[in-house]
Amino acid sequence: MRKKNIQKQSDYKIIVVDDDDGIIDSLSVIIKRLGYYFEGVNNPLEAIERIERENYDLLVLDFLMDPIQGDEVVKRIRQFNTDLYILLLTGYKDVAPPLETIKTLDIQAYCEKSDNFDQLILLIESAIKSISQKRTIKKIRDGLKRILDSVPKIYQLQSIGDIIKEILMEILKLVHSENAFILIDDFVGLSDNRKSFIKGVGKYDKSLEELLNMLDYQVMETIGIAKTKGQPVKLEQGVFLPLNSKSELVRTEGVIYLETDNYEDQIEFLEIYSTQAATAISNVFLHSMVNAKNNELEKTYNELKQRYLDAVQALRLAVDAKDVYTRGHSDRVAFYALKIGQAFNLSAEEIERLEAGGIFHDIGKIGTADDILLKTDKLNDWEYSEIKKHPIKGANILSAVSMFKEIVPLVLYHHERMDGKGYPYGIKGDEIPLLARIISVADAFDAMTSDRMYRSKLNLEEAKKQLILNAGTQFDAQVVEKFLVILEDFDSLQKEIDEMCG
């Protein structure tokens with residue numbers, strides 16, 4: 001921590017000008033001990049040249065010098081530099097410049113020379129605080145100016161590809177980076193048709209397929225978190241900024257990813273800019289709708305949907321492949337959930353959601369270490385806490401793109417219990433969506449009737465007893481009741497499963 005503070009302090013450059021080498025040597029020790037960068041010059045003319053060539057934050061200046069005095073030094077410096085903070089020193093109070101001269105030359109501080117440097121140290125520290133505040137104000141002013149300068153460019157009615165590239169190029173200027181991408185998702189307009197778009201610059205200036213292949217499960221999870229929370233999500237080498245624009249006519253959601261480690265000081269401006277960018281994107285989409293020119297968007301959305309679906313399906317198969325004992329588990333859970341949904345006379349849309357929820361309910365386990373998933377004996381508390389994270393991880397992965405929006409609650413809540421003793425949130429009863437309660441029963445039944453590394457499977461009657469025993473506490477009693485009726489013809493169910501997996 002001390003090293004970091006010293007590094008931060010050394011960002012401030014102090015130049016001392018005095019024709020007395022003893023004063024320069026003394027101030028060198030003091031200023032370096034304070035942690036600031038120091039330069040000493042005993043010739044005022046040389047000092048003026050240095051200040052014109054280089055950037056300094058603070059000038060500590062002697063008044064009585066040869067060949068020119070301190071006030072003349074300041075006059076010449078102020079001709080080319082009005083920002084430099086100047087602290088004037090004098091050893092003779094009666095020959096110091098009058099107050100009017102100090103004001104006219106914009107000399108910020110004045111100090112008499114003394115063997116005790118305490119007053120000078122206080123003035124230097126005070127000067128650094130003022131310089132720091134001026135830097136902050138300048139940073140805010142410059143950041144807002146860059147945003148204002150860029151707004152007309154990103155509000156021009158251009159093609160969606162051009163406007164996104166313009167947005168990325170302008171925001172990269174704020175963080176001095178070259179690599180970024182935008183994922184626009186969950187755009188809904190007058191026709192209520194969802195649109196999506198993805199485009200990158202720099203290393204992310206790739207084809208749609210190549211770019212999507214660069215988004216691993218951790219990136220998908222982070223995108224989902226940024227969208228869900230509506231806040232920046234900071235990474236070691238970058239930051240995800242949410243795109244949120246909600247008007248009466250259009251709604252745009254998505255993220256901007258900036259690959260940079262130089263964003264902390266600019267985060268407020270990045271958030272302001274991303275809001276402007278989302279509005280600009282909404283305008284483009286709205287214009288496209290009004291003019292019925294959305295063929296490109298429709299095609300891109302369909303491609304994105306299929307590619308992302310393929311990517312998540314591959315992740316789901318990767319989860320199954322991790323453990324031979326659970327292979328086919330997700331398909332069977334989807335099958336049982338579908339049957340229960342039909343028994344409840346659910347709508348076709350709800351049945352479809354149930355099936356998808358069953359397929360993807362364990363997708364979050366892709367981020368769980370193999371030595372935990374494949375452990376043959378009892379998990380310790382830490383290992384169990386890691387396992388319990390998979391519903392949230394799965395929900396975040398699926399939240400990255402809106403096409404999975406409806407099944408996120410099924411994945412998130414399938415380990416909750418009716419008595420509130422489940423995870424990840426400990427909700428209970430009707431707080432748990434019905435479809436998640438159905439997945440919970442289907443998941444538990446298949447787990448009980450499948451061999452695992454740490455135990456042998458239960459037979460049908462033992463599994464049914466467990467469902468009955470835990471109805472009303474772990475499971476929804478009505479769901480268990482419907483499922484028990486379905487299980488009366490278990491042989492037929494088994495044939496269907498064999499044909500499905502066959």
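**Close-up 1. Buried residues of helix α12 in the predicted model.** The buried residues of α12 are H329, S330, R332, V333, A334, F335, Y336, A337, L338, K339, I340 and G341. Helix α12 is thus described as mostly covered, with twelve of its 15 residues buried.

**Close-up 2. Length of helix α12 and the residue N345 that comes just after it.** Helix α12 comprises residues 329-343. Just after the helix, N345 adopts a positive phi of about 55 degrees.

**Close-up 3. A patch of negative charge on the surface, with D66 among its members.** The patch gathers D19, D20, D21, D25 and D66. Of these residues, D66 is located in the loop that connects β3 (58-62) and α4 (70-78). D66 counts as exposed because its relative accessibility is 62%, and the cut-off for this class is over 50%.

**Close-up 4. P424 in the loop between α17 and α18.** The loop that contains P424 runs between α17 (408-413) and α18 (434-448). P424 has a relative accessibility of 25% and therefore counts as partly exposed; a buried residue would be under 20%. P424 and L412 are twelve residues apart along the chain, and a distance of 7.8 Å separates their C-alpha atoms.

Notes:
Residues are numbered from 1 along each chain as its sequence is written. This is a predicted model: local features need pLDDT of at least 70, side-chain atom pairs count only at pLDDT 80 or more; totals for chains, interfaces and linings use all residues. Side-chain values use heavy atoms; hydrogens and water are left out. Helices (H or I, at least four residues) and strands (E, at least two) are DSSP runs, numbered from the N terminus. The expected span of a helix is 1.5 Å times one less than its number of residues. Buried means under 20% relative accessible area, exposed over 50%, partly exposed in between (1.4 Å probe, protein chains only). Patches are made of residues with over 30% relative accessible area and no salt bridge: like charges are joined within 9 Å, nonpolar side chains (Val, Leu, Ile, Met, Phe, Trp, Tyr) within 5 Å. Accessible areas come from the Shrake-Rupley method with a 1.4 Å probe; for residues, only the protein chains shown count as cover. A salt bridge is a side-chain nitrogen of Lys or Arg within 4 Å of a carboxyl oxygen of Asp or Glu. Lys and Arg count as positive and Asp and Glu as negative; His and the chain ends are not counted. The place of a charge is taken as NZ of Lys, CZ of Arg, CG of Asp or CD of Glu.
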